[in-house]
Amino acid sequence: MYQVLYRKYRPKNFSDVYGQDHVISTLKNEIKENRISHAYLFTGSRGTGKTTCAKILAKAVNCENLVDGEPCNECEVCRGLDGGTIYDVVEIDAASNNGVDNIRDLREEANYTPSRGRYRVYIIDEVHMLSTGAFNALLKTLEEPPSHVIFILATTEVHKLPATILSRCQRFDFKRIQPETMAVRLKEVASLEGMTLADDAATLIARIADGALRDGLSILDQCGSRNKNIDSQLVSQVAGLAGREALYKLSNCIGNKDSAGAMELISELYQNSYDMERLCVEMINHFRNFLIVKTVRKSRELIICTDDEYNSIVESAKQFTLENVIFSLDLFQNTLTKIKAGANSRIEMEMSFIKLCEPKLDTSQEALLERISQLERAVKNPKAVSMPVIQTADEEQKKEEQPQENDAFENEESEISTPPQEENYPKTESAPEPQPSPAKSAPQVQEGVSEFEHWAEFLDIIHKTDIALFGVLSGAGAHFNGGHFVIDSTNPTIKQFIQIPTHLKAIKQAVYEITGQVYKIAVSKPKTQTEQKRDLLEDLINQAQNNVEIKFE
């Protein structure tokens, strides 16, 4: 029967354990000097070697031919413990044996002398799962066990243990295994298994494993099942990661305020079955690298990557300020919390990128502070560019009052789609056919141009039905021209975006709910920059950057 790699290559000696030198050296010295404690506590994150070291220690204290504090693995006791024919070492799962009765049985059994070795060793895994009564029942035995009994407690959540238990044990904290150390072990195992593991692939596996060698070996095992030649691309596919290229594209979209581009990338990744929660974690790590580059002088030592990728990180980080990076990290951390709490992962990720690409949509205190700091930087360091022409309010009003016979919207030859018939919105007994509110005075389908006065209400409906479309339509407007509902936007990609059937349907439905009429959808040609309507804070930032005197009336 096939044996998975993390079981096949589980260490049998202390010298085979990676990344825990501070623990190994202490245990070996205690064994050599015969200063063995009656109770040990091994704590640390998953996959760092707690149970493995507990088994090696149990074998070492019973070994008949110790070699420099190491079990010989050749004597009768060592072979019996490895093969399971000697029962002096008992491994207990506290998650399923956590009651008082289980501990009472253990106490009674501990009174019996070992059958073959010198000690009876009880390894209690996940000891934090014991009930309060079970802990109390264990206290006296743990403090003064029989001379032939050793307890080894292992846990990933040491903070859940009572202080009375902690004070009775020698505590050893297992550290996360460093990526460079894990990469060496992964390459050794790959070589023994006849695999070819590239250096960047080993580094990527080590980074994904997050300090757990068992997880790293499991990923290597899965990659080896697909191909004996393992590169970083194969690792990304197996682990369900967004490729490094996709991460850089997404961060560039944030830097360039390209919300449409970010939405398209997320959609592409989602269609390729990339996990959105994992994407969020990858974006956190990606911006963490930016944070290290901007705050640490010797940042290369703290970022585990190849030299080429490090150069890419440094170059990409230049388009962000430290405030931008911290704000982005905070937003992605909150998004990850919401995803873990059960929120729709794709929608949460889309909303995060929309907020980062369109700062004025985020009304949180942190977002407003970031925009104010951007204004301050622009005032301190204005760009030496030509003064833009600023229209007065009277000029704008005159232009609005002029006839708009030549309104520049795309004619019916480039129409987005054919308007749906009224039966596309079926009637139900509980939901009668929507009628336009008398207070709204909805425009009728007729010749001539009229302003769409309910844009805010329209956006509210879009926000509930299509959050991605809501982000793209921010800052836009609309008007009626005959039988057309014309969207006014300077975004050059908006036409391609709303050609997607789901987005087009959302627009038609929202217009129908407000007006009670069915319109064809069109997109106006981009207006000049001076005609674009922006919020006050955006105007101040632009004026400061263009070295325009800011006046408050």
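**Close-up views of the predicted model**

**View A.** K32 counts as partly exposed, at 46% relative accessibility. Here buried means under 20% relative accessible area, exposed means over 50%, and partly exposed covers what lies in between (1.4 Å probe, protein chains only). D68 is also partly exposed, with a relative accessible area of 48%. The side chains of K32 and D68 form a salt bridge, 3.1 Å from N to O; the term requires a side-chain nitrogen of Lys or Arg within 4 Å of a carboxyl oxygen of Asp or Glu. K32 belongs to helix α2 and D68 to the loop between α3 (50-60) and α4 (76-83), so the pair ties together parts that are 36 residues apart in sequence. Helices (H or I, at least four residues) and strands (E, at least two) are DSSP runs, numbered from the N terminus.

This is a predicted model, in which local features need pLDDT of at least 70 and side-chain atom pairs count only at pLDDT 80 or more, while totals for chains, interfaces and linings use all residues. Residues are numbered from 1 along each chain as its sequence is written, and side-chain values use heavy atoms, with hydrogens and water left out.

**View B.** D101 is exposed, at a relative accessible area of 52%, whereas R104 is partly exposed at 45%.

**View C.** In helix α8 (residues 179-192), R185 and E188 are three residues apart, about one helical turn. Their salt bridge has its closest N and O atoms 3.3 Å apart. R185 is buried, at 13% relative accessibility, and E188 is partly exposed, at 33%.

**View D.** Five strands make an open, parallel sheet in the order β2-β3-β4-β1-β5. Strands count as paired if DSSP finds at least two bridges between them. β2 (89-93) and β5 (170-174) are the edge strands, each pairing on one side only. Between β3 (residues 120-125) and β4 (residues 149-155) there are six bridges; V149 in β4 is the bridge partner of R120.

**View E.** The buried residues of helix α17 (residues 345-357) include M349, F353, I354 and L356. The 13 residues of α17 reach 18 Å from first C-alpha to last, close to the 18 Å expected at 1.5 Å a residue; that expected span is 1.5 Å times one less than the number of residues. Among the elements covering its buried residues are α12 (244-255) and α16 (322-340).

How values were computed:
Contact means heavy atoms within 4.5 Å.
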